[in-house]
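Visitor: Hi! I'm new to this one, could you show me around?
Guide: Happy to, let's bring it up.

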Amino acid sequence: MSVLIRGTGSAIPDRVISNADLERMVETNDEWIVTRTGIRERRMMAPEEATSDIVTRAAQRALEQAELGPEDIDLLIVATCTPDTLTPATANHVHRNLFKGLSIPSFDVNAACSGFVYGLEVAMAMLGSAGYKRVLLAGGEGLTRFMDYEERTVCILFGDAAGAVVLEKSDAPGGVLATTLHSDGQYSDLIQIPGGGARRPASPYTLAQREMFVRMEGQRVFKVAVQSMEQVAKDTLAKVGWKIGDVDWVIAHQANSRILRAVADRLEVPAEKMPTNLEVRGNTSAASIPVLLDECNRADRFKTGDKLLIVGFGGGLTWGAAAMEWTQTG
Amino acid sequence: MELTERVYAIVGEQLGVEKETLVPEANLLDDLGADSLDVVELVMAIEEEFGIEVPDSDAENIRTLGDITSYIEARVETAA
């Protein structure tokens, strides 16, 4: 059995938030942001939109490209850490938008910025032993809704976006060959939204403490990110017997240009093999990998047989990687 | 190579600064133009070069090149 990507799609909100826009909102400047993050602009959902709406659009585009309809899908998984509602899952909202009259299972995976890689391994298992045939796997985030515009080191980083892939069980060669996942809960407080859950429920107090927003200890995250992304990439390459030089494309979570550069240096991957959209998208958490896959795919950068190494990292802390051989979508 | 030279070689490479600016009292942020992430990368490079692990709580106290060399001296002595 193999698992192929039949289609990719993404949805990018129209509203651009440039570094100059942020300069008017918080004490920061373009040069400070660019040297530390590599980000020049990020996108923001329209006021009436929520995460499920952009995920729905990304999913529709992935289905269109695959020349399939909602009735051809038998499982929906949405990776997100910025759900529309605490419950039901964002996947249930997407189901309402896209899968009317179809009772396929739908659920969220929350592994923060590693969500897409986590979702990929879950989908692989469901396509294997659980007998599903086609999975719609999306990563979508409405992170700007959780930004504290009094916290200048965090609000500059994140943007909204959604990406999706249609995964299909097949007998053809190629596709997803191996996945590896890890987490380490000793770092669970390094990236978090502390309030609004069962530990610190929404209240005038937690609201006043600004606990509904993302908090991150960037410097401590940096070190674990670089070391674990390098290690999980190497472990995943070993599983499929590839050397780093065999890899045509490294699709890494678009966290921060400094992290990406450090990982590239350690893995000895040349910049031209590591596509990036960080400059114009910012960090879009679980959406960053599927969005980048879709952008590269639609720009015809991937050829059938190209070897891709996907590497994710995020809050939890969580990290993971996948090795795949690209097959023509559509 | 002497410890100080090894440290200065790493700092010179990581921060891309001239040899003449590398003196014990040089402050990483103020004199050598490092930012917070440069310091993290520098600590990681030192960990690899000297085979030690620098906890975040220790790294926070490192401000100057002299701090780095005396920290490594203390750590390497304890290890030996």
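Guide: Here is a short tour by question and answer, and please keep in mind that this is a predicted model.

Visitor: Switching topic: what is the strand order in the open sheet of chain A?
Guide: The order is S1-S7-S6-S4-S5, 5 strands with mixed pairing. At the edges are strand S1 (2-11) and strand S5 (106-109) of chain A, each pairing on one side only. On average, neighbouring strands are turned by 20° against each other, direction ignored.

Visitor: How do S1(A) and S7(A) pair?
Guide: They pair in the antiparallel sense over 9 bridges, with strand S7 of chain A covering residues 160-170. For instance, Ser10(A) stands opposite Gly163(A) in S7(A).

Visitor: Which helix lies across those strands?
Guide: Helix H5 of chain A, residues 115-128, lies across S1, S4, S5, S6 and S7 of chain A, and runs at about 165° to S6(A).

Visitor: Back to chain B. Is Ser57(B) buried or exposed?
Guide: Ser57(B), in helix H3 (residues 56-59) of chain B, is exposed because it has 7 other C-beta atoms within 10 Å, and 12 or fewer counts as exposed.

Visitor: What separates the C-alpha atoms of Ser57(B) and Glu73(B)?
Guide: A distance of 18 Å, with the two residues 16 residues apart along the chain.

Methods:
Residues are numbered from 1 along each chain as its sequence is written. Chains are lettered from A and ligands numbered from 1 in the order in which they are written. This is a predicted model: local features need pLDDT of at least 70, side-chain atom pairs count only at pLDDT 80 or more; totals for chains, interfaces and linings use all residues. Two strands pair if DSSP finds at least two bridges between them. Helices (H or I, at least four residues) and strands (E, at least two) are DSSP runs, numbered from the N terminus. Axes are lines fitted to C-alpha atoms, for helices over the stretch in contact, and angles run from 0 to 180 degrees between N-to-C directions. Two residues are in contact if their C-beta atoms, placed from the backbone, lie within 7 Å. A residue is buried if 20 or more other C-beta atoms lie within 10 Å of its own, exposed if 12 or fewer, and partly exposed in between; C-beta atoms are placed from the backbone.
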